[in-house]
Amino acid sequence: MTQTKARVPSTTEVPVRVVDSDVHPVARPGAVAEYVPDKWRKFLFSHPVGDTINYDAPDYAHAFAMRVDAFPEDGGFPGSDPDLMFKQLIVEAGSDIAILEPSSKQTIIPEATAAMATATNEWLANHWLDSTNNWHQRWRGSICAAIEDPRSAVAEIEKWAGHPYMSQILIKAEPRPAWGDPQYDPVWAAATKHDITVSCHLSRGNYETMPMPPVGFPSYNHDFMVTYSLLAANQVMSLIFDGVFDRFPTLRVVLVEHAFTWILPLMWRMDAIYAARKSWMSIKRKPSEYVKDHLKFTTQPLDYPEDKTELSRALEWMEAEKILLFSSDYPHWTFDDPKWLLKHLPEHAREAVMFKNGIETYKLPTTVPAVESQTRVW
Amino acid sequence: MLIDASVHIFCRDNKDFRSFLREPYASRGIPDYEMDWYGAPGGEYLSSAHGPDGQYPGSDPDLVGAHVFEYADIAILHPMTRGTLPDRHLTTAVLAAHNEMMVTRWLDHDARYRGTIRVNPEDLPGALREIEKYSGHPQVVQIGIPLQSRELYGKPQFWPLWEAAEAAGLPVAVHIESGQGIGYPPTPSGHPRTYEHYLGFMALNYVYHLMNMIAEGVFERFSGLKVVFADGAADFLTPFTWRMDTFGRPHLEQTPWAPRMPSDYLPGHVYFVQGSLDGPVGPDIDFAGEWLSFTGKDAMVLFGSSYPHFQNNSADALPSALPAEHRDRLLWRNAAELYGISVPEGANS
């Protein structure tokens, strides 16, 4: 690919106008394993494991749920080549800063998942956030934390909190019980101690690391992924009704790739329950107020009706400018281009959703070194 | 005119309940109506619903009628029972007892009561027997099944039930079953810690069933099937339908038995009881009617009180901004059409 001649940042700064909250770097085969502690490496990597796909996206056998133009020429997997991602996402699509969210392996043993998170963090720091690969200063990383093993999660947060390019803590949505359980309090305590946002991405694991629906498993990838949002809705209710934001008043949580239009009726439902049951509840405020003050949702996947003015109205009623962060989900097949997403937002919400909320949530700079021929989205 | 699409009824007590059971079931151990941890702290029922002689709420046709027919012209009864039990024969026997109780004690007592026949989807022969037995009764207007299940209702093992419902011309109401049955924890993250969280999530489980029924082509195969999600949460139909249309569309090649856009399968097939927890809340909500029209919900909602449960709904609580046409549909017109209830000419709410 054509590369900027020298890997040194421009001395010209440009304003950050697009913060992309959901971007997926992928390790080259074997790259993470070398960072996994010996104790777990022999169990995790000593027998071959093929594809474990359940619930396959269209044409999975050919596209692996990826953008088909995102496969690097060297035969690697989409997201494995930092330079190709830089070209497609930053230069061509025009995301100014990308929040990198690696899919650290979810196992059924908390300590093994924690070992994978430890390794993934080392790998991300050394292969993406280092001065060679992040010469342009457009990558921001996630501290992967195995929330089901709170002690190790806290250790990872403590280890990486001071890193200049680690911008959030990344947990998975599936571990049980839900997040209102006090066993997770040490994780929220570490996050608020360092004032770092906690983001939650879905993980599509196996066995019970899938979101086991209470009434039976879906049949296909579409009824599976559509109903996956109920997992996030349930986590929202747990966080609020179980008082997590009362215990940690500065905690910020981002729900990544769980879709978001359901938050509008969920706020009404929680508020109605609060009105009916206040005397039996320990929380201090109306549930929708906790949503507006503590939660953010990423925009991808943007779901829309045939009449898109209905979406515009829903965005107004939910006060989208308070709760949304732009995201593309590069390099997945469901990629939302920032230019496409932008035109769906009400005018008054555009700056907040496209960059201001992101800058606040992740404590980002307001300008970055310019990149030659970068698409400026708006 | 007002049709209350959700009035919950019970047996008076266990002695009364067992009088409707035959052996070997009459001697079996059977859980009561109440749930343990998920029972509402402070009690499930309106305090006014307990009879003067200690009658179980919702167990006395005259007491219930004195309350419900104050505001309603017709009440659709839905017997609450004892949970999904591990022995499917026993579950069917419990349901059959409640059906007999409802028909003999309520429907035959007052023509304004209409009934929901409870059947067990885990015992199809038993379910088909109950439908066969009661579908000709002029006041039986619906079949009732639990929202709780171990397989989604789109799966083919349930298709004979949909076929029978369609043939009988009866809608199928899916309602949270009371009692301490077996089953999975009520949320995808396991057990919630509070009743309010349980209440908040439990009704949303219908989304799993509905999306699966669409993807499995149930409404394509049974074009006359009508399903009523009787615990409300119709508001969630809109975001989840947007999602199913947007995300689902490229997947339609995987399900050629359900070739249409998912939202095409909703009108005429899907209905919701609208309760006190449903609809936009907040001061000066002026968009209640606009919201109700999204995804065609205005043609799907059926007013339901959930009497004698504490989240009792009242027509007085409807948003003042709801247009008159929406009020009529919600309070009686949708239910009258769905259940084939004739209404006086010129009726309004």
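Predicted model: local features only at pLDDT ≥ 70, side-chain atom pairs only at ≥ 80, totals over all residues.
Residues are numbered from 1 along each chain as its sequence is written, and chains are lettered from A and ligands numbered from 1 in the order in which they are written. For the complex, the predictor gives an ipTM of 0.97 and a pTM of 0.97. Chain B has a mean pLDDT of 95, with 99% of its residues at 70 or more; pLDDT is the predictor's confidence in each residue, from 0 to 100.

Helices (H or I, at least four residues) and strands (E, at least two) are DSSP runs, numbered from the N terminus. Two strands pair if DSSP finds at least two bridges between them. In chain A, an open sheet is formed by eight strands in the order 2-3-4-5-6-7-8-9, with parallel pairing. Its edges are strand 2 (19-23) and strand 9 (324-325) of chain A; each has a single partner strand, so one side of each is left without a neighbour in the sheet. Within chain A, strand 3 (residues 97-100) and strand 4 (residues 139-144) run parallel and are joined by two bridges. Opposite A:Ala98 stands A:Trp139 in strand 4 of chain A.

Chain B also holds an open sheet of eight strands, in the order 1-2-3-4-5-6-7-8, and the pairing is parallel. Strand 1 (3-9) and strand 8 (301-303) of chain B are at the edges with a single partner strand each, so one side of each lacks a neighbour in the sheet. From one strand to the next, the twist averages 30°. Strand 6 (residues 227-229) and strand 7 (residues 270-274) of chain B pair in the parallel sense over three bridges. B:Phe229 has B:Phe272 in strand 7 of chain B as its bridge partner.

Axes are lines fitted to C-alpha atoms, for helices over the stretch in contact, and angles run from 0 to 180 degrees between N-to-C directions. Angles under 35 degrees count as roughly parallel, over 145 as roughly antiparallel, 65 to 115 as roughly perpendicular and the rest as oblique. In chain A, helix 4 (residues 110-127) packs with helix 5 (residues 150-160) at an angle of about 10°, the axes being 10 Å apart. These two helices of chain A are therefore roughly parallel to each other. The contact (C-beta atoms, placed from the backbone, within 7 Å) involves A:Ala114, A:Ala117, A:Thr118 and A:Asn121 of helix 4 and A:Ser152, A:Glu156 and A:Trp160 of helix 5.

Between the chains, 53 residues of chain A are in contact with 57 residues of chain B. On the side of chain A that touches chain B, two or more residues come from each of helix 7, helix 9 (263-277) and helix 11 (308-317) of chain A. Helix 7 of chain A gives the most, with 15 residues.

The axes of helix 7 (residues 221-241) of chain A and helix 7 (residues 206-215) of chain B come within 9 Å and cross at roughly 165°. The two helices are therefore roughly antiparallel to each other. Residues making this contact include A:His222 and A:Leu230 of helix 7 of chain A, and B:Tyr208 and B:Met211 of helix 7 of chain B.

Methods: Contact = placed C-beta atoms within 7 Å.
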